[in-house]
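The sequence and the structure come before the text.

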Amino acid sequence: MIQVKYFGMIAEATSKEGEEVSVSGKPFSEVLSEISSKYNLGDLSYQVAVNKKLVSNPADLQLNEGDEIAFLPPFSGG
Amino acid sequence: MKKIFLEGAIPSEFIADSIAKHQSKHSIGAHNIFLGQVRADEVDGKKVSAIEFTAYEEMALEKAHEIREAAFEKFDLTCLHIYHSLGNVAVGGVCIFVFVSAPRRKQVYEATEWLVNQVKTEVPIFGKEIFENEESQWKVNS
């Protein structure tokens with residue numbers, strides 16, 4: 001299982017702040033596209049962080065048990 | 001990891017206390033402070049009454065730490081502090097407070113500008129503008 005967290009307008013779209021997702025050896029890109037289609041995130045702008053670091057090329061990554069991924073819409077602090 | 005978040009608007013007393021705490025550091029010759037205040041923007045005839053801030057707090061603290069380290073590398077500073085609000089901040093409230101101190105003046109101007117830009121672009125904080133009629137929209141940084 002991995003922890004998935006949602007923020008800002010993404011949390012609004014998913015109607016939750018987070019959930020546990022089973023990845024069972026799936027490639028990261030597949031996990032992302034499953035979440036995106038489940039909640040219809042296709043039109044929204046977001047970046048993905050793995051264990052609190054932004055990832056620029058998710059396709060290259062393999063997830064491990066216990067990883068925390070986050071869907072982050074554009075930052076708008078300040 | 002230093003804390004950066006305060007619940008609600010940043011009180012003037014908090015800012016005054018921060019200044020007072022630095023008067024015992026005698027290598028400092030210049031302070032510079034940036035305060036961001038929530039503005040009553042008008043969008044399609046609706047007026048913003050507050051901004052509701054949320055954040056990916058653990059990542060935000062890590063990011064703020066990296067920004068601090070980078071600022072000390074880049075500028076000759078004695079100390080620096082970054083504070084940002086979480087939760088609801090009504091118009092007129094201060095939601096970001098960046099405080100930079102150095103032996104001399106030139107560094108603090110440059111460092112403050114750089115730090116505020118870094119916080120806005122690199123730290124996962126999300127602002128939602130709440131209108132007087134209770135509608136809302138997600139804030140976009142320009």
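## Interface and charged pairs

A salt bridge links E62(B) to K53(A), with 3.4 Å between the closest N and O atoms. The model is a predicted one. Between chain A and chain B the count is four salt bridges, and the rule also finds 13 residue pairs in polar contact across this interface, both residues being at pLDDT 80 or more. On the side of chain A that touches chain B, at least two residues each come from helix 1 (8-14), strand 4 (53-55) and strand 5 (68-72). By class, this side of chain A holds nine nonpolar, four polar and five charged residues.

In terms of contacts, 18 residues of chain A meet 22 residues of chain B. The size of an interface is often given as the accessible area lost when the parts come together. Here chain A and chain B bury about 1,700 Å² between them, and 58% of that lies on carbon and sulfur atoms. The residues of chain A that lose the most area to chain B are K52(A), F75(A) and G78(A), which together make up 38% of what that side buries.

Over all chains, a search of the whole structure finds 12 salt bridges.

| Residue | Partner | Distance |
|---|---|---|
| E62(B) | K53(A) | 3.4 Å |
| E19(A) | K16(A) | 3.5 Å |
| K38(A) | E19(A) | 3.6 Å |
| E34(A) | K26(A) | 3.0 Å |

E19(A) counts as buried, at 17% relative accessibility, whereas K38(A) is exposed at 56% and K16(A) partly exposed at 30%. In the pair of E34(A) and K26(A), E34(A) is partly exposed at 35% relative accessibility, and K26(A) is partly exposed at 22%. Salt bridges with shared partners also join K53(A), E62(B), K63(B) and E66(B) into one network.

## Chain B

Chain B contains three helices and eight strands. Their order from the N terminus is β-α-β-β-β-α-β-β-α-β-β. The radius of gyration of chain B is 16 Å; for 142 residues a compact globule would have one near 14 Å, so the value agrees. The C-alpha trace spans about 50 × 30 × 25 Å along its principal axes. Of the 142 residues, 46% count as buried. Among contacts in chain B with a separation of 6 or more, 76% are between residues 24 or more positions apart.

Two positions show this in detail. S85(B) sits in strand 5 (residues 79-90) of chain B and is buried, with a relative accessible area of 0%. Its side chain reaches the backbone oxygen of G8(B) at 2.7 Å. Beyond neighbours within four places in sequence, the contacts of S85(B) include F5(B), L6(B), A9(B), F53(B) and C95(B).

I15(B) belongs to helix 1 (residues 12-21) of chain B. At a relative accessible area of 10%, I15(B) is buried because the limit for that class is under 20%. Apart from residues up to four places away in sequence, I15(B) touches I10(B), L35(B) and F97(B). The C-alpha atoms of I15(B) and V98(B) are 9.8 Å apart, although 83 residues separate the two along the chain.

Note on methods:
Residues numbered from 1 in each chain as written. Chains lettered and ligands numbered in written order. Predicted model: local features only at pLDDT ≥ 70, side-chain atom pairs only at ≥ 80, totals over all residues. Heavy atoms only, no water. Contact = heavy atoms within 4.5 Å. Buried area = accessible area lost by both parts, 1.4 Å probe. Salt bridge = Lys/Arg side-chain N within 4 Å of Asp/Glu carboxyl O. Polar contact = N/O pair within 3.5 Å; in protein donor to acceptor, adjacent residues only side chain to side chain. Helix = DSSP H or I, 4+ residues; strand = E, 2+ residues; numbered from the N terminus. Nonpolar A, V, L, I, M, F, W, Y, C, P; charged D, E, K, R; others polar. Rg over C-alpha atoms; globule rule 2.2 N^0.38 Å. Buried < 20%, exposed > 50% of the residue type's maximum accessible area, 1.4 Å probe, protein only.
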